[in-house]
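This report covers strand pairing, helix packing and the ligand shell of one protein model. Please keep the sequence and structure open while reading.

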Amino acid sequence: MRYLTEYRDPEQVKKLAEAVRAATARPWRIMEICGGQTHAIIRFGLDELLPREITLIHGPGCPVCVTPVEILDKAVAIAARPEAIFCSFGDMLRVPGTAKDLFTVKSEGGDVRVVYSPMDAVALAQQNPRREVVFFAVGFETTAPANAMAVAEAARLGLNNFSILVSHVLVPPAMRAVLSSPQNRVQGFLAAGHVCTITGTEEYKPLADEFRVPIVVTGFEPLDILQGVLMCVRQLESGRHEVENQYARSVRPEGNRVARKQVEEVFECIPRKWRGIGEIPSSGLGLRARYAAFDAERRFAVSHIAAEESSACIAGEVLQGHKKPHDCPAFGIHCTPDKPLGAPMVSSEGACAAYYRYRRGKGEGGRRKGEGGRRKGEGGRRKGEGGRRKGEGGRGKAEDFAGS
Ligand code: SF4
């Protein structure tokens with residue numbers, strides 16, 4: 001397949017892993033922001049190909065994972081209303097609220113529908129003038145333009161039975177929160193390439209300057225990620241802290257001006273709560289006053305709903321990179337994809353789901369704590385998962401990688 005296999009080429013992977021090894025003289029900790037990058041790293045064992053001095057820390061870039069429990073409770077309350085058609089992307093249906101998830105509401109008779117675009121919900125509102133159609137607008141800067149377009153289109157059509165439940169979050173304020181934490185261990189970032197196709201790269205420069213961290217805008221395939229790591233390591237080793245663009249095939253410095261204009265027309269920057277982390281200033285998007293009529297929280301009077309996170313779930317620490325999924329006592333025991341306690345176990349981009357799928361039963365994910373090597377006797381990844389073979393020792397070989 002064009003544009004996919006090229007970025008998984010085993011020989012190129014091997015060369016890049018060797019280049020990272022050659023460039024690395026000291027220990028460095030690099031955070032990959034996006035959950036899609038985390039899944040690629042764990043799925044293809046990219047962290048196991050790196051020299052032991054490089055630690056990859058998984059970041060808060062899974063939109064489903066960071067949607068706060070109280071928003072889920074608001075969604076559940078709205079979806080249970082008889083007049084409502086509640087529309088969502090499929091990955092939000094099994095994210096647990098305080099008492100239930102949207103899938104349970106659906107099983108109890110609620111009209112919860114999976115759609116593939118917010119414009120599908122606008123069409124439903126046109127087709128069902130006596131029902132209230134609500135779209136669950138979740139995500140980072142990537143999904144905001146389509147949701148803004150849906151609201152603008154509903155306004156243009158004069159629809160008074162369409163609204164959105166907004167839980168949009170922004171990446172740079174989350175990076176600032178990570179860097180400002182007294183527990184911060186991150187020395188460099190792989191920024192999320194798809195977010196930057198919308199926003200461009202300019203807004204990362206103040207962060208790189210203020211905190212003196214390299215930020216490399218990076219894609220999602222194995223070669224992208226290893227090249228992003230290499231660019232980041234070269235900056236760290238030479239004392240530079242610049243914004244670089246590994247994902248130049250998709251990201252332009254100015255981003256997508258049309259999409260940004262659409263977002264600015266409909267949304268404004270507001271403080272937002274992040275699941276397991278708490279409120280981060282200016283880290284979210286909310287509807288501007290002129291579009292308040294499309295705000296589902298107001299329309300259904302659910303703004304008062306508040307909720308506490310489950311004390312059994314350490315998602316906040318996982319999302320900030322302080323802990324790995326294996327460090328959670330509930331991982332794989334009380335929390336599984338079938339019975340999740342937290343969103344990172346549900347989402348296709350969640351770190352806990354990635355470790356459950358690709359690293360279950362492997363302790364700290366194949367490396368000894370603190371030394372970056374593998375556990376004695378484990379022999380790397382499981383047979384059939386594209387991992388290394390018994391007896392090969394050392395770091396991964398590119399030919400094993402081809403089996404992934
Ligand atoms: S394993 Fe489950 S309970 Fe633990 S942090 Fe992940 S989602 Fe939360």
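The model is predicted.

**The sheet**

Six strands form an open sheet in the order β4-β3-β5-β6-β11-β10, and the pairing is mixed. At the edges stand β4 and β10 (267-274), each of which pairs on one side only. On average, neighbouring strands of this sheet are turned by 25° against each other, direction ignored.

| Strand pair | Sense | Bridges |
|---|---|---|
| β3 and β4 | parallel | 3 bridges |
| β5 and β6 | parallel | 7 bridges |
| β6 and β11 | antiparallel | 2 bridges |
| β1 and β2 | parallel | 6 bridges |

Phe86 stands opposite Val112 in β4. Gly139 has His168 in β6 as its bridge partner, and His168 also stands opposite Leu285 in β11.

**Strand β6**

How many residues of β6 are buried? The count is 8 of 8, so β6 is largely enclosed by the rest of the structure. Phe162, Ile164, Val166 and His168 point one way from the strand, while Ser163, Leu165, Ser167 and Val169 point the other way; all are buried. Together with β5 and helix α8 (residues 144-157), β6 makes a right-handed β-α-β unit. Helix α9 (residues 171-180) lies across β6, β10 and β11 (278-287), and runs at about 175° to β11.

**Helix α5**

Helix α5 spans residues 69-79 and is mostly covered, with 9 of its 11 residues buried. These are Val69, Glu70, Ile71, Leu72, Lys74, Ala75, Val76, Ile78 and Ala79.

**Strands β1 and β2**

Strand β1 covers residues 28-34 and pairs with β2 in the parallel sense. Glu32 stands opposite His58 in β2. Strand β2 (residues 54-61) is mostly covered, with 7 of its 8 residues buried.

**The ligand shell**

Which residues are the closest to the ligand? They are Cys313, Cys328, Cys335, Gly342 and Cys352, in a surrounding set of 15 residues. By class, the shell divides into 14 nonpolar residues, 1 polar residue and no charged residue.

Technical notes:
Residues are numbered from 1 along each chain as its sequence is written. This is a predicted model: local features need pLDDT of at least 70, side-chain atom pairs count only at pLDDT 80 or more; totals for chains, interfaces and linings use all residues. A residue is buried if 20 or more other C-beta atoms lie within 10 Å of its own, exposed if 12 or fewer, and partly exposed in between; C-beta atoms are placed from the backbone. Helices (H or I, at least four residues) and strands (E, at least two) are DSSP runs, numbered from the N terminus. A residue is near a molecule or strand if its C-beta atom, placed from the backbone, lies within 6 Å of it. Ala, Val, Leu, Ile, Met, Phe, Trp, Tyr, Cys and Pro count as nonpolar, Asp, Glu, Lys and Arg as charged, and the others, Gly among them, as polar. Two strands pair if DSSP finds at least two bridges between them. Axes are lines fitted to C-alpha atoms, for helices over the stretch in contact, and angles run from 0 to 180 degrees between N-to-C directions. Two residues are in contact if their C-beta atoms, placed from the backbone, lie within 7 Å. A crossover is right-handed if, with the strands pointing away from the viewer, the path from the first strand over the helix to the second runs clockwise.
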